[in-house]
Amino acid sequence: MSINIRVGWRASVGLTGDVLAALPVPLAFPLLIALYYGESPLPFIAAIAVSLALGAAFRSVQDPEVNLGPREAFLAVAMIWFLVAAVGAIPFVVAGVGTVAHPVNAMFEAMSGLTTTGATVLVDFSVHSRSVMMWRQVIQWLGGLGILILATAVLSEVGVGGAQLMETESQTQDVNKLTPKISQTAQLIWGIYFGLTGLAALVYFLLGLAVDPQMDLYNAIAHAFTSVATAGFSPEPLSVGAFHPLIQWAVVPFMVIGSTSFVLIYFAINGEPMRLLKNEEFHFYLGAMGTLASIVAVGLFLDPSVTYGAEGTIRHAVFNVASIVTTTGYATTDYVLWAPAAKHMLFMGMFIGGMVGSTTCSIKSLRWLVALKTFRRNLFTSIHPEAIRPVRISGKSVDEGAIRDIYAYLLLSIVIFFLLAVVIVVDAERADLRVTEFEALGAAATTFLNIGPAFGEAGPYGTFASFPMSTRAVMIVLMWIGRIEIIPVLVLFTKAFWTS
């Protein structure tokens with residue numbers, strides 16, 4: 001009996017091919033860096049060749065008569081994120097230096113980069129070329145918003161299909177109302193993203209000239225790529241802790257902006273700042289971050305082993321909480337050495353995330369806000385069962401179907417998180433490695449929710465290379481699933497997706 005495939009897979013493959021064919025453009029930047037510093041350009045030439053070949057092969061099967069609908073969008077999103085990460089791993093393998101020379105580690109580093117996770121398997125930063133280290137930064141910048149924007153910009157005629165791709169990432173319906181065409185919207189958001197990156201690089205470089213020569217042009221560009229993308233890779237083994245305190249303070253607003261809805265940033269830039277300032281999710285996001293930072297700061301002040309001083313204590317508390325909540329993953333100090341109470345506050349911050357429609361990862365503030373308001377509504381209706389009380393966000397009613405979807409997402413996220421933690425503990429015991437339950441929970445949260453560093457060996461100045469190879473392979477898959485918010489991947493494994 002023949003099976004009738006209901007998915008126009010040729011459209012998905014064709015769109016993936018367009019993205020792969022465009023990937024040599026960002027690959028050209030580290031290639032130029034390699035030529036400038038007299039390093040081998042071969043890692044990037046190889047990646048460009050593979051990307052062009054795959055792009056051409058995928059585009060050759062495209063059927064222009066097949067439209068990109070919701071099913072095709074799900075398939076394309078999953079394929080794009082996985083295959084771009086696979087191509088992104090090629091420079092690490094070809095360079096053949098350090099722990100990332102192994103294919104699994106290279107894929108871990110590339111997937112961590114593209115998903116803006118920021119978890120690393122690098123052990124010795126000094127053995128890697130400047131061009132390879134810059135590629136880590138570039139692939140994170142692409143992961144912030146670049147890949148989906150690029151997907152829509154390459155095919156300006158995709159129309160509503162492009163909007164579906166954008167909405168899969170941003171989870172907002174407002175994105176297709178900014179301009180008449182999704183291609184124009186893509187270019188608009190790309191412009192904001194590019195402008196913020198340029199501004200960050202300029203600020204970092206000027207501060208470097210003023211207070212810290214280590215923040216040279218190379219580091220300014222590298223950190224601009226990953227702060228606006230809320231990504232977290234740094235060419236420096238001490239992360240942002242390698243720089244002057246003024247530079248550390250300067251990074252904070254860019255992490256916060258990167259975790260703010262780009263739709264609302266657009267309105268703010270175009271003379272409607274009150275849309276942002278009155279937004280309840282924005283208030284919740286800043287309030288959660290401020291509350292956690294205050295608690296951590298108090299905890300550090302009360303800890304006799306902490307000797308940062310008043311300014312240093314506040315700076316480390318604000319920076320590292322902001323880094324965790326925005327899912328950036330930078331660090332200014334080794335918070336693994338902090339008291340358990342402060343570390344547990346950081347662990348809680350992993351589950352919050354920034355706003356929808358931003359570069360951030362994790363569960364995101366809007367889901368928590370809706371869940372909390374729904375819970376409060378349910379308490380009220382349990383006392384007044386005859387009452388009709390819709391859940392409202394910023395004055396607008398939330399559809400009951402959307403509320404059910406949010407609860408389903410929260411439940412699924414918690415289940416996957418705990419299952420990953422169990423896998424980490426069991427696999428560590430099998431490999432005769434010592435991983436505490438808290439460290440396993442942190443590693444599970446930071447990879448699945450795309451945060452970056454965790455605790456213990458996987459702390460801000462540590463590495464995931466100490467975990468068993470099998471655990472790292474599972475983490476690769478979970479980073480992929482978590483970044484595109486579970487459903488676009490899991491739905492591919494259902495029979496109904498393909499046939500009904």
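What is the volume of the second largest cavity? The answer is about 60 Å³. The model is predicted: local features need pLDDT of at least 70, side-chain atom pairs count only at pLDDT 80 or more, and totals for chains, interfaces and linings use all residues. Residues are numbered from 1 along each chain as its sequence is written, and side-chain values use heavy atoms, leaving out hydrogens and water.

**View 1. The second largest cavity and its lining.** The whole structure holds two cavities of 30 Å³ or more. A cavity is a set of points, on a 1 Å grid over the protein atoms alone, where a 1.4 Å probe fits but cannot get out; lining residues have an atom within 4 Å of a point. Points are joined across faces, edges and corners, and the volume is the space filled by probe spheres set on them. Residues lining the second largest cavity include Thr360, Cys361, Tyr409, Phe448, Asn450 and Arg483. Helices α17 (400-430) and α19 (469-483) each supply at least two lining residues. Helices are DSSP runs (H or I, at least four residues), numbered from the N terminus. The lining divides into four nonpolar, five polar and three charged residues. Here Ala, Val, Leu, Ile, Met, Phe, Trp, Tyr, Cys and Pro count as nonpolar, Asp, Glu, Lys and Arg as charged, and the others, Gly among them, as polar.

**View 2. A salt-bridge network at Lys364, Arg367 and Glu485.** Salt bridges link these three residues in a network. A salt bridge is a side-chain nitrogen of Lys or Arg within 4 Å of a carboxyl oxygen of Asp or Glu. Lys364 and Glu485 also belong to the lining of the second largest cavity. A search of the whole structure finds nine salt bridges.

**View 3. Asp18 and Arg59 in a salt bridge.** The N to O distance is 3.1 Å. Asp18 lies in helix α1 (residues 9-22) and Arg59 in helix α3 (residues 42-60), so the pair ties together parts 41 residues apart in sequence. Asp18 is buried, at 5% relative accessible area. Arg59 is partly exposed, at 42%. Buried means under 20% relative accessible area, exposed over 50%, and partly exposed in between (1.4 Å probe, protein chains only).

**View 4. Arg315 and Glu311 within helix α14.** Their closest N and O atoms are 2.8 Å apart, in a salt bridge. Both residues lie in helix α14 (residues 309-325), four residues apart, about one turn of the helix. Arg315 is buried, with 8% relative accessible area. Glu311 is partly exposed, with 40%.

**View 5. Arg275 and Glu272 in a salt bridge.** The side chains meet at 3.2 Å, N to O. Arg275 is partly exposed, at 43% relative accessible area. Glu272 is partly exposed as well, at 34%.

**View 6. A nonpolar surface patch of about 500 Å².** Trp249, Val298, Phe301, Leu302 and Ile314 make this patch. Patches are made of residues with over 30% relative accessible area and no salt bridge: like charges are joined within 9 Å, nonpolar side chains (Val, Leu, Ile, Met, Phe, Trp, Tyr) within 5 Å. Areas come from the Shrake-Rupley method with a 1.4 Å probe; for residues, only the protein chains shown count as cover. Helix α13 (residues 280-302) gives the largest share, three residues. Phe301 sits in helix α13 and is partly exposed, at 46%.

Methods:
On a 1 Å grid over the protein atoms alone, a cavity is a set of points where a 1.4 Å probe fits but cannot get out, and a pocket is an open set with protein on both sides within 12 Å along at least five of seven lines; lining residues have an atom within 4 Å of a point.
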